[in-house]
Amino acid sequence: MIQRLLFPRRCPMCDSIIERNKLICDKCINIPRRVFGARCLKCSKHLNSQNAEYCYDCEKHKKSYVRGLALYEYDSVKDSINNFKNNSRPEYAEFFGDRIIHYLGADIKDFKADALVPIPLHPSKLKKRGYNQSELIAKVISEGLNIPLRNDVLTRKIKTKEQKKLDDSDRQKNLVGAFHMPRNGVKLDTVILVDDVYTTGSTVDEASRALLEGGVKKVYFVTVAVGVDKRQ
Ligand SMILES: [Zn+2]
Ligand SMILES: [Zn+2]
């Protein structure tokens, strides 16, 4: 990444400048909280109820992907992810990608995927932001685990409203038909979608649907962070 050469390295949590050989400062090392305890068998979200197998969202909406992995509780990395996306901190991808490889690498390899596919941004959004944060994370994972990165198999056709501003059912509707897999002769059996945050799962689910329609057989996902189970 070009940023590595041009800018000083920063702690992805407090944004202070850190040594080149570090990815996070000593003070912030315990801030990102890994998803713990009982997890949803589908999306790996922490479950509030010990007796449940699936979270509220996975039980309510049948998902098109096989299953997915998430590293951190969203609350603990919320500000960092916001800066990563909206305040020109593409270099935070190094930390997030590195931690995903460290903690989830073996499980990711077990998926035996043909490619890592980042959730695409709408072209106008990509132009405005200058980078796709999910693609930067996918790039780090791709290099670390030797799984090809494919950013050309999924396109975002419709400019959707921001998911976090919508309620559950509107989130689902907002994304219908948003993604498309161009018929360009690409043959992939198993794909891992990469995104920064997983909340209700509608983005990953809709992207997965487009891949399945395009001929992919199995879709998994990996995200940096995941929200909480709504069931109390
Ligand atoms: Zn820090
Ligand atoms: Zn779930």
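Modeller: Helix α6 is mostly covered, since 10 of its 13 residues are buried. Please bear in mind that this is a predicted model.

Colleague: Which residues of α6 are buried?

Modeller: The buried residues of α6 are Q133, S134, E135, L136, I137, A138, K139, V140, I141 and S142. Each therefore meets the cut-off of 20 or more other C-beta atoms within 10 Å of its own.

Colleague: Why is L121 called partly exposed?

Modeller: L121 has 19 C-beta neighbours inside 10 Å. A buried residue needs 20 or more and an exposed one has 12 or fewer, so L121 falls in between and counts as partly exposed. L121 lies in the loop between β2 and α5 (123-129). With residues up to four places away in sequence set aside, L121 touches L126, R129, N132 and R156. From the C-alpha atom of L121 to that of A38, 83 residues apart along the chain, the separation is 32 Å.

Colleague: What makes strand β2 covered on both faces?

Modeller: In β2 (residues 115-118), A115 and V117 on one side are buried, and so are L116 and P118 on the other. In general, side chains in a regular strand alternate between the two faces of the sheet.

Colleague: How do you know that β2 and β5 pair?

Modeller: Pairing requires at least two bridges; four join β2 to β5 (residues 190-198), so the two strands count as paired, and they run parallel. Within this pair, V117 stands opposite L193 in β5. V194 is in contact with residues that include L116, V117 and P118, as well as S134, I137, A138 and I141, neighbours within four places in sequence being left aside.

Colleague: Why is β1 described as largely enclosed?

Modeller: Five of the seven residues of β1 (residues 67-73) are buried, so the rest of the structure largely encloses this strand. β1 also pairs with β6 in the parallel sense, over six bridges, and R67 is placed opposite Y220 in β6.

Colleague: Which residues have the most contacts inside the largest nonpolar core?

Modeller: The largest nonpolar core has 61 residues, and those with the most contacts inside it are I137, V191, I192, L193, V194, V224 and A225. Strand β6 (residues 218-226) gives the most to this core, with seven residues.

Colleague: How do you know that the radius of gyration of the protein chain agrees with that of a compact globule?

Modeller: For 232 residues, a compact globule would have a radius of gyration near 17 Å; the protein chain has 17 Å, and therefore agrees. Along its principal axes, the C-alpha trace spans about 45 × 45 × 35 Å. Of the 232 residues, 42% count as buried. Among contacts between residues at least 6 apart in sequence, 75% join residues at least 24 apart.

Colleague: How many helices and strands are there in the protein chain?

Modeller: The protein chain has eight helices and six strands, and their pattern along the sequence is α-α-β-α-α-β-α-α-β-α-β-β-α-β.

Technical notes
Residues are numbered from 1 along each chain as its sequence is written. Chains are lettered from A and ligands numbered from 1 in the order in which they are written. This is a predicted model: local features need pLDDT of at least 70, side-chain atom pairs count only at pLDDT 80 or more; totals for chains, interfaces and linings use all residues. The radius of gyration is taken over C-alpha atoms; the globule rule is 2.2 Å times the number of residues to the power 0.38. Two residues are in contact if their C-beta atoms, placed from the backbone, lie within 7 Å. A nonpolar core is a set of buried Ala, Val, Leu, Ile, Met, Phe, Trp, Tyr and Cys residues joined through C-beta atoms within 7 Å.
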